[in-house]
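Here are my notes on this model, written for someone new to reading structures. Keep the sequence and the 3D view open as you go through the points.

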Amino acid sequence: MSLAPSISAPRTRFNSLPLAIGLFCLLWSYAFVAGKIGVTHCPPLILLAARFSLAGILILGATLIRGGWSLSWRDAAIFAVLGIANNALYLGLGYTGLQSVSAGLGGLIVSANPVFTAALAALLLGEGMTWRKASGLLLGVIGVTLIVWHRLLVGTDSLHGIVFTLASLASLVAGTILFKLLAPKGSLWIGNGVQNLAAGIVLTPVAFTFADIHAIDVTPGLIGAFAFLVLGGSILAYWLWFHLLKVCGATAASAYHFLMPPLGMLFAYLVLGEHVEARDLLGIIPVALGIYLVTRPAKAVA
């Protein structure tokens, strides 16, 4: 009988990152469609104030019940500031724009996030900008432009809505850079709750000052869209977004926003019946190649 110790093969750890990326892209891109449905039946600021407040109460309420608070006052303050940039301003401006632009165009403008984020990350965060990354970002822009080009020609998008959506993009870029620059510690789950609650507190008085509560048209579509925006958008998608920022870096994580226009176009076609042509799908090819170039790890030097 052999006394040699048995050697078991090391168990391979499951890599959850691709799953997190895929789920984030699906949730974030469908949020444009849910948002379009929501603002059709409810003033955008009221919709967002209710969304953020409920999401923040649910997250922080569950945290307090479990007794798992783990944020310092400094980190809580940072997450509150991020909530104003990434939630209140980004979506407040974006949803106002969605009243007069299509979900496809809204997705296109916000998908420019990787270009501006990469440039600022190179300047402020020391993230390297190589020719490979620059080429990937350019390919992403080309692919996104191809995907929605015809939508711009046949749509009824207004300059007013485009300006609001561009301001929304600037807020998202600022929030992305601030998160990496300030680097808050502690639980991203609790931080997301603080962000949502801070955004709700900021937006609520603005909403009730400038929006008409009587304009709310309670329909099954509004209820379904609101439920998705709270649970799938504010709670899960935002937690995944900051997780990807922490794991992948600002440039690589932001590159996945190039996937939002083709996915958003697909969801808008299936749910809203927005116009789409088969040749628009060709834009997915440069988008996929661009993401690969931006996110591919650099070769180790021997």
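1. Start with one term. A helix here is a DSSP run of H or I with at least four residues, and helices are numbered from the N terminus. With that in hand, find Arg-51: it lies in helix H2, which covers residues 44–66.

2. Now the whole chain. This is a predicted model. The protein chain has 12 helices and zero strands. Read along the sequence, the pattern is α-α-α-α-α-α-α-α-α-α-α-α.

3. Check the confidence before the details. The average pLDDT of the protein chain is 80, and 80% of the residues score at least 70. Residues 1–9 fall below 50, and this stretch has zero contacts in the model beyond near neighbours in sequence. Where pLDDT is low, the predicted coordinates should not be read in detail.

4. Next, packing and surface. The protein chain has 302 residues, and 49% of them are buried. Take the contacts with a separation of 6 or more: 94% of them join residues 24 or more positions apart. The accessible surface of the chain is about 14,600 Å². Carbon and sulfur atoms hold 73% of that surface.

5. Back to Arg-51. Is Arg-51 buried or exposed? Arg-51 counts as buried because its relative accessibility is 2%, under the 20% cut-off. The side chain of Arg-51 makes a polar contact with the side chain of Tyr-95, at 2.9 Å. Arg-51 also touches residues beyond four places away in sequence, including Leu-91, Phe-226, Leu-229 and Val-230. Gly-233, Ser-234 and Tyr-238 are among its contacts too.

6. Look at helix H3. Helix H3 runs over residues 73–98, which is 26 residues. From first C-alpha to last, H3 reaches 35 Å, close to the 38 Å expected at 1.5 Å a residue. Where does H3 bend? The bend is at Gly-83, and it is about 30°.

7. Asn-196 sits in helix H8, residues 188–210. Why does Asn-196 count as buried? Its relative accessible area is 0%, and buried means under 20%. The side chain of Asn-196 makes a polar contact with the side chain of Asn-87, at 3.4 Å. A polar atom of the Asn-196 side chain also lies 3.3 Å from the backbone oxygen of Ser-234. Leaving out residues up to four places away in sequence, Asn-196 touches Phe-52, Ser-53, Ala-55, Gly-56, Ile-59, Asn-87 and Ser-234. Note that Ser-234 is on the contact list of Arg-51 and on that of Asn-196.

8. Follow helix H9. A kink of about 35° is centred on Ala-237 in H9. Val-247 lies in H9, which covers residues 220–248. Val-247 is partly exposed, because its relative accessible area of 49% falls between the 20% and 50% cut-offs. Val-247 and Leu-17 are 230 residues apart along the chain, yet their C-alpha atoms are separated by 8.8 Å. After H9 comes Gly-249, with a positive phi near 95°.

9. Met-129 is in the loop between helix H5 (113–125) and helix H6 (131–154). Met-129 is partly exposed, with a relative accessible area of 37%. Its C-alpha is 7.8 Å from that of Ala-119, 10 residues apart along the chain. Which residues does Met-129 contact, leaving aside neighbours within four places in sequence? They are Ala-118, Ala-122, Ala-134 and Leu-137. The other loop residue is Ala-183, between helix H7 (159–182) and H8. Ala-183 is not a glycine, yet it has a positive phi of about 45°. At 33% relative accessibility, Ala-183 is partly exposed.

10. Finish with helix H6, where Thr-145 is found. Thr-145 is partly exposed, with a relative accessible area of 36%. How far apart in space are the C-alpha atoms of Thr-145 and Ile-109? The distance is 9.7 Å, for residues 36 apart in sequence.

Terms used
Residues are numbered from 1 along each chain as its sequence is written. Side-chain values use heavy atoms; hydrogens and water are left out. Helices (H or I, at least four residues) and strands (E, at least two) are DSSP runs, numbered from the N terminus. Buried means under 20% relative accessible area, exposed over 50%, partly exposed in between (1.4 Å probe, protein chains only). Contact means heavy atoms within 4.5 Å. Accessible areas come from the Shrake-Rupley method with a 1.4 Å probe; for residues, only the protein chains shown count as cover. pLDDT is the predictor's confidence in each residue, from 0 to 100. The expected span of a helix is 1.5 Å times one less than its number of residues. The bend at a residue is the angle between axes fitted to the seven residues ending there and the seven starting there. A polar contact is a pair of N or O atoms within 3.5 Å; within protein, one must be able to donate a hydrogen and the other to accept it, and residues adjacent in sequence count only if both atoms are side-chain atoms.
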